Amino acid sequence: MSLSSTSLPAPEGPGSVSQAPNLPTRFTDTFTSRYVDIGDLRLHAVTGGKGPALLLLAGWPQTWYAWRLLMPALARDFKVVAVDPRGVGLSDKPLDGYDTGTLARDMVALMDSLGHQRFAMVGHDIGMWTGYALAADHPDRLDRLAVAEAAIPGLSPTPPLFGSQEANDRLWHFAFNRLTDVNEQLVSGREHLYFGHQFATKSAKTLPDYAVQHYVDTLAADPEALRSSFEFYRALDTTIAQNQKRKSQRLSLPILAIGGAENLGASVSATMKLAADDVESLVLPECGHYPAEEVPEAMLSALTAFMAPYRDGRTATAVPPARGTSA
């Protein structure tokens with residue numbers, strides 16, 4: 001990194017810790033927003049806590065804010081790093097690089113810059129795609145991996161074009177989001193209709209209005225944010241090809257696969273068992289697609305138990321931050 005983290009501007013706006021709505025009490029006593037430059041890309045990360053490093057990566061169409069209810073408790077045992085990946089929130093929004101191989105390299109570079117040679121990770125939705133890529137492409141970096149609520153393109157079986165009504169209701173956004181530009185034209189100015197529908201139909205417990213509004217406002221505030229939200233899907237041809245190669249080498253690290261009983265359920269662990277030998281399955285009752293917000297207590301309990309050997313063994317070792325930076 002060419003600039004020290006202290007010389008970078010302080011993140012501002014509702015996407016930062018200082019202005020995010022309805023955070024848990026005393027959240028800002030522990031967590032701060034920061035920018036981290038990794039090569040020519042600037043990422044926004046929210047960090048706080050003490051202990052071995054734990055990377056939190058949310059999915060579409062959310063930001064780091066998805067983890068807010070879990071972060072204070074996790075910070076008692078871990079150095080928490082909740083990040084907006086490229087294209088999301090306050091992070092840079094380049095035109096390309098949304099395949100999971102590149103997204104995984106971004107996360108490795110981020111953790112390098114923060115001084116974490118080894119770390120554990122929790123990935124939800126597209127964050128689960130990236131977690132799989134990171135575990136496969138950088139096996140020396142991850143100690144444990146928890147994933148939630150996704151199928152993995154190129155690893156999971158491809159659903160039929162004429163599937164059930166239930167499958168269509170759950171998956172239709174994949175085809176829509178991959179379109180070149182008409183999706184942006186149709187959604188622009190109607191962000192609350194489109195993204196609000198996604199949140200409403202995929203959750204078993206309704207997300208708070210303020211949270212949905214926060215996510216929608218983030219996407220509606222900048223045309224580049226809307227464009228970038230689709231780029232993860234437009235890069236699927238590349239991601240699928242990468243995953244078809246990755247699955248030839250099985251993963252050996254411990255994996256916790258979490259599904260909501262009212263959404264993907266046990267299919268999350270079925271997906272991971274196609275690629276990994278040590279998979280623990282958990283299906284959370286009365287939960288849809290957003291476990292960290294729908295059932296935060298159950299999600300926290302599951303992560304605390306799964307990460308205990310990593311926490312207690314203190315297996316994560318820090319490397320010196322890149323010259324001119326501080327962890």
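1. Contact is taken here to mean heavy atoms within 4.5 Å. In this predicted model, and with neighbours within four places in sequence left aside, W64 is in contact with G15, S16, V17, A20, L23, F27, H44, V46, M71, A82, V83 and D84.

2. W64 also belongs to the largest nonpolar core, which holds 99 residues and in which W64, W67, M71 and L110 touch the most other members. Helix α4, residues 126-137, gives the most to this core, with seven residues. As general background, nonpolar side chains in soluble globular proteins tend to be buried together.

3. How many cavities of 30 Å³ or more are there? The count comes to two, and about 190 Å³ of space lies in the largest cavity. Its lining is made up of 21 residues, of which P61, Q62, G87, V88 and F232 are the closest to the centre.

4. The helices α4, α8 (209-220) and α9 (223-234) each supply at least two residues of the lining of the largest cavity. By class, that lining divides into 12 nonpolar and nine polar residues, with no charged residue.

5. The second largest cavity, with a volume of about 70 Å³, is lined by A58, Q62, A66, W67, H124, A148, Y290, P291, A292, E293 and M299. Helix α12, residues 291-294, provides the largest share of this lining, namely three residues, and the lining as a whole has eight nonpolar, two polar and one charged residues.

6. Two residues deserve a second look across these points. Q62 is among the residues closest to the centre of the largest cavity and also lines the second largest cavity, while W67, named above for its place in the nonpolar core, lines the second largest cavity.

Methods. Residues are numbered from 1 along each chain as its sequence is written. This is a predicted model: local features need pLDDT of at least 70, side-chain atom pairs count only at pLDDT 80 or more; totals for chains, interfaces and linings use all residues. Side-chain values use heavy atoms; hydrogens and water are left out. A nonpolar core is a set of buried Ala, Val, Leu, Ile, Met, Phe, Trp, Tyr and Cys residues joined through side-chain atoms within 4.5 Å. Buried means under 20% relative accessible area, exposed over 50%, partly exposed in between (1.4 Å probe, protein chains only). Helices (H or I, at least four residues) and strands (E, at least two) are DSSP runs, numbered from the N terminus. On a 1 Å grid over the protein atoms alone, a cavity is a set of points where a 1.4 Å probe fits but cannot get out, and a pocket is an open set with protein on both sides within 12 Å along at least five of seven lines; lining residues have an atom within 4 Å of a point. Grid points are joined across faces, edges and corners, and a volume is the space filled by probe spheres set on the points. Ala, Val, Leu, Ile, Met, Phe, Trp, Tyr, Cys and Pro count as nonpolar, Asp, Glu, Lys and Arg as charged, and the others, Gly among them, as polar.
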